[in-house]
Amino acid sequence: MAIAPRPPRADLPAPLRERLNHARDALLGVHKALLDEERVRYERAHGRLESNYQLLQLVISDPWFAWLHPVSELVVQIDVLLEARQPAPPGTAEALLRQARELLNPDETAEGFSARYHRALQESPAVVLAHGEAIRRLESSPQG
């Protein structure tokens, strides 16, 4: 039995929903590239992972992967906004879009995600490609 799609939220105009979906897709692309690279680093240090389930458990609970949480948490916030039945407070969507752009701004002098993201961009062509695609998606999404 197929699940009928929910009607679009009336309080989010179509261009704004589209921008949020672009940001979500951009973040997911970067997250996948970062996760793939971090898995390789983890396996070099700790041995091969036996399954994707084991990787998921590590991503959720192991400090090694904690630096990736801001990306997944922002994706979840966008999902919640897109699926919520209650109207969002004014400016919520714009704030999430701003967070997406800020999060994908590497900074080697910062701490936390920005510094680790900078390092990943220096070390991984796959992360560079995902970053470029993410920036393109964030900049080309329709303004609304």
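Q: How many of the contacts between residues at least 6 apart join residues at least 24 apart in sequence?
A: In the protein chain, 68% of them do. Contact means heavy atoms within 4.5 Å.

Q: Where does the model come from, and what are the ground rules?
A: The model is predicted: local features need pLDDT of at least 70, side-chain atom pairs count only at pLDDT 80 or more, and totals for chains, interfaces and linings use all residues. Residues are numbered from 1 along each chain as its sequence is written, and side-chain values use heavy atoms, with hydrogens and water left out.

Q: OK, what about secondary structure?
A: Six helices and zero strands. Helices are DSSP runs of H or I with at least four residues, strands are E runs of at least two, and numbering starts at the N terminus.

Q: How much of the chain is buried?
A: 35% of the 144 residues. Buried is under 20% relative accessible area, exposed over 50%, partly exposed in between (1.4 Å probe, protein chains only).

Q: And what box do the C-alpha atoms fill?
A: Roughly 50 × 40 × 25 Å along the principal axes.

Q: Switching to charges. How far apart are the mean positions?
A: The 17 positive and 20 negative charges have mean positions 5 Å apart. Lys and Arg count as positive, Asp and Glu as negative; His and chain ends are not counted. Each charge sits at NZ of Lys, CZ of Arg, CG of Asp or CD of Glu.

Q: Now Ile-60: buried or exposed?
A: Exposed, because its relative accessible area is 53%. Ile-60 lies in helix α2, residues 52-61.
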